[in-house]
Amino acid sequence: MGRGDHPGELEQMVLLSVLALGDDAYGMTIRRHLAEEGGRDVTPPTVYSALDRLESKGWVSSSLGEPTAERGGRAKRYFRVEPDGVAVLREARARMDRLWQGAPLEPDPEAP
Amino acid sequence: MLERLLAALLPERDRDPVLGDLAEERRARVGEGASEAEARRWYRRQLLRSLLPALWARIRRRHDRASTDERTWNGTTREGDGMLIDRTRDVRFALRTLRRNPGFAAAALLTLGLGIGAVTTVFTVVEDILLRPLPFPDSERLVRLWQQRDGMQFWVSAPNYRDWREGAASFEALGAYSPDGMNVLGAAGPERLEGAEVTASFFPTLGVEPVVGRGFTEAEEAEGAPVVVISYGLWQRQYGGEGDALGATLTLDGRSHEIVGVLPPEGALPTDAEFWTPIRWDMADWRQRRGIGWVLVVGRVAPDVAPETARTDLQGVATTLREAYPDENRGMGIHMEGLAESMVGEVRTPLLVLLAGVLLVLVVACINVAGLLLARGAARRREVAVRAALGGGRRRLLAQFLTESAVLSALGGALGALVAVGGVALFVALAPADTPRLGDVAVDGTALAVAAGVGLLTTLLFGLTPALHWVRDGSSPTAGLRSEAGAGGRDLGGRRALVGAQFALAFVLAVGAGLLGKSYWGLTRVDPGFEAEGVLVVGLPVVESWFESTADRRAYLERIVAGVEGLAGVEEAGLTNAVPFRDAGPTFSYGLRGVSDDEDLLARYRVVTPRYFRTLEIPIVEGRTFSAEETAGAGGPVVIVDQVFAREHFGEGRALGREVHLLDEWRRVVGVVGEVRDRSLAGDPDRHVFVSVGQGSRQSMRLVVQGRGDAAALLPEIRRVVRELNPRQPLADAGPLTDWVSGSVAQERFTLGLLSFFGGAALLLAALGIYGLLSYSIARRTPEIGVRMALGASGAEVRAMVLREGVVLAVLGTAVGALLALGGARYLSSLLFGVPPDDPTVFATVGVTLAAAALLAAWMSARRATRVSPSTALRSE
């Protein structure tokens, strides 16, 4: 897990999922996206832990949505990536690219 | 349900979102084609999987909040919740460290587990036997009262008891009981049950309430009514615990008794009694005599009355009775002792000695574990230094080390609790059967609390030392990063002191064991005055209603003896009313010509058949044994005395023909037999007077049989002979006499055994301590050794260097230990027989043994030192 200024792997994946889901980014959808697109089947509390950390660093923000019948009358929390969050994502990507360039390996084209 | 549990674990803010997400996704899955069952399964799995992360999230949430607060509050650091997450991490780290060092973990945990387990075992025993109050209400107010004369305690006579009851104002209640076994015809044949005759006031005095039915009324006591109260155990065994036991009949000694009550499981006195009948004051003439004591008295002191007041009160009563009955109550006082004390007083000192011993072993064990931690710590100096350099903070490091010790102690404590369960069971199985309240000893919550408490103490004991030491070291980070050569000094000195202390404690324990051992050995070599080897003892409790006259009874007993004598494997057989070491037997007063009545002359009173002395190989020093005529009840009244008696009253060789006044008759001395110890090997032999069965009072008799070979093997034959003569005759408490004699020192043997074990364990641990210390010291000095060897030092010289270190340590430790032992051995004096607490032989032997052990350990360590190759040593720099 990352500490300080650099997002760890799960945090990056969560950030990317939130970005990808746009307006529809809340707990359930983020979790499913992570599992289906990212190959990481984590439990809801873990997702929320990551999101809380991201929020405490100011990289995402959250807001409460309406409770619905399908949720047994419970509210949902929507998430949005903040500009700072986009910035650290880009940075992280850039760092990895630099490291990949220096390494004698080709990224696997088949990988998801 | 799982949902509620998850909800409880989740941080508040996440509760709704998480549970809502799960519910929504479950429905979504059904919508996407999964079956209801599949979706439900997925749901439940997610719930389960989320439990731990939820807890973790909660902890993180509190920690993060604290950290955030830390940043926003100026200057004040809130450590509160943040500690929790660090603590958890510390525990996990400590556990991981233990897993990675299985050798160290095993050694430390084993040592701790055994040490804590042993302490818990002994403490449980001490608490259950000594500290726990008797199972009667307000048991501190319960006392026993004895008739006292010449510093000895005697049973109380009926008239005295009644007068005490009337006159003792400071007592709320007095009760009396007379232990008496009776024969009962069980399904398997005649059986003997232990019980007692009791007054109506007996149960109320103790505060025992029957669980079913009632006790006795005064009327029933007055008429000696045929009613009985039975024990809880008997009720369960014979009557299945059914209510219809009340009113059923129990036939005791041929007499039918109606069951009127059942006592609770704790019972009453005597501790092994299964039935209680009303005391029959009128059953025999002698029961009414003031001069014959046959009951035991218990009393309940009135509330708010101090013991001293009660004693003074009793003194007044005794004085009045002495003046009113100057003959029977001559010199009689009343001795009062606490009931609990009377039951456990004898084992108090041995048990406390054992507790002290086991605590010493624990301290020695803890020092060993501390040594193990220090040794391992040396290997981690770099790690510690790096962490300190990276800003670990002294307090954090200290916390980490304490956590490690705490984890070790917790695991050790848990192991110790398990050891204690086995240890208590072992103790109960091996302890002498007559240890008071042995049945009350059991592992319970207290024991577990003790294990936990001791575990905590050991953490402080061995945890702080290494921790403080490291942290002090780490305050200069570069110190740890530098090489270790020459850094011997400080911590080595501390360890030396600890190992020295181990030696001192081991010395103390070994001296204790040695003193007890010498004392025990002396005891077993005492000549009791008779030969117990090959002798079988069998109780012959008869029912008086079987006989029409005393002569009838005598003839019956003689037939039994004759029948037994006729058996092939029997050398000799005889009867007596009390067998040495098995029965206390009666003590009667006697008179002598020319000696005034004011003298208090008491002797042990024995009724025997003529061949009794031959059976036990008691030598007839002068005169003869009883004749057939005297045995049949004819001839002039005669008596046989022992040497103690003869020497004291008549002088050597001048006893025959003299007269003794016993049982209202003047009897002629016709024989003198050798002195006999019949209570304890440690004490002096008592005076004995012997009368023939034909001329003595009616007594309950025991058969003693000297066999050709193994006496115990004769028992089936004896049973057969007796059954042929009388199928209703039970044989009570049959066993080899040697059992009784060795049983008299069973407690000393047991205490000695345990203390020797502790001493041995401490010695082993101390030797391991020296070995560990020297190995550690060698490891630290490896470069130095390498240099020396490269410069030409021989293996022998290096060995000598190491040996010297070990020897100096052992000598110092032994010296300190000797001083401690001299001081402490005083407390053992009451347990010692013929051995002074500062016995030089014992001290010298222990000193030599310890020195040898130390040398061995040092030598083994030194050998390893010489195997160091100089080049490797220098390279490790």
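Helix axes are lines fitted to C-alpha atoms, over the stretch in contact, and the angles between them run from 0 to 180 degrees between N-to-C directions. Helices (H or I, at least four residues) and strands (E, at least two) are DSSP runs, numbered from the N terminus.

**Ground rules.** I am working on a predicted model, where local features need pLDDT of at least 70, side-chain atom pairs count only at pLDDT 80 or more, and totals for chains, interfaces and linings use all residues. Residues are numbered from 1 along each chain as its sequence is written, chains are lettered from A and ligands numbered from 1 in the order in which they are written, and side-chain values use heavy atoms, with hydrogens and water left out.

**Entry 1, a pair in chain A.** I looked up helix H1 (residues 9-21) and helix H3 (residues 44-56) of chain A, whose axes come within 10 Å and cross at roughly 85°. H1(A) and H3(A) are therefore roughly perpendicular to each other; angles under 35 degrees count as roughly parallel, over 145 as roughly antiparallel, 65 to 115 as roughly perpendicular and the rest as oblique. Which residues make the contact? H1(A) brings Leu10(A), Glu11(A), Val14(A), Leu15(A) and Val18(A), and H3(A) brings Thr46(A), Ala50(A), Leu51(A), Arg53(A) and Leu54(A). Contact means heavy atoms within 4.5 Å. I sorted these residues into seven nonpolar, one polar and two charged. In that sorting, Ala, Val, Leu, Ile, Met, Phe, Trp, Tyr, Cys and Pro count as nonpolar, Asp, Glu, Lys and Arg as charged, and the others, Gly among them, as polar.

Helix H1 (residues 2-9) and helix H2 (residues 12-31) of chain B have axes that come within 9 Å and cross at roughly 145°. Leu6(B), Ala7(B) and Ala8(B) of H1(B) touch Arg15(B), Leu19(B) and Leu22(B) of H2(B). By class I noted five nonpolar, no polar and one charged. I also found a salt bridge between the side chains of Arg29(B) and Glu25(B), at 3.5 Å from N to O. (A salt bridge is a side-chain nitrogen of Lys or Arg within 4 Å of a carboxyl oxygen of Asp or Glu.) Both residues lie in helix H2 of chain B, four residues apart, about one turn of the helix.

Helix H17 (residues 550-565) and helix H21 (residues 715-725) of chain B pack at about 140°, their axes 9 Å apart. H17(B) and H21(B) are therefore oblique to each other. The contact uses Arg559(B), Ile560(B), Gly563(B) and Val564(B) from H17(B), with Ile718(B), Val721(B), Val722(B) and Leu725(B) from H21(B). Those residues divide into six nonpolar, one polar and one charged.

I found 23 residues of chain A in contact with 26 residues of chain B. How much area do chain A and chain B bury between them? I get about 2200 Å², 47% of it on carbon and sulfur atoms. Buried area is the accessible area (1.4 Å probe) that two parts lose on being put together, summed over both. On the chain A side, Arg32(A), Pro45(A) and Arg74(A) lose the most area to chain B, together 24% of what that side buries. Seven salt bridges run between the two chains. One of them pairs Asp14(B) with Arg77(A), the closest N and O atoms being 3.3 Å apart.

Most residues other than glycine have a negative phi, and most peptide bonds are trans. The bond from Leu269(B) to Pro270(B) is cis, with omega near -15°. Pro270(B) sits in the loop between strand E10 (255-262) and strand E11 (275-278) of chain B. Arg437(B), not a glycine, has a positive phi of about 60°.
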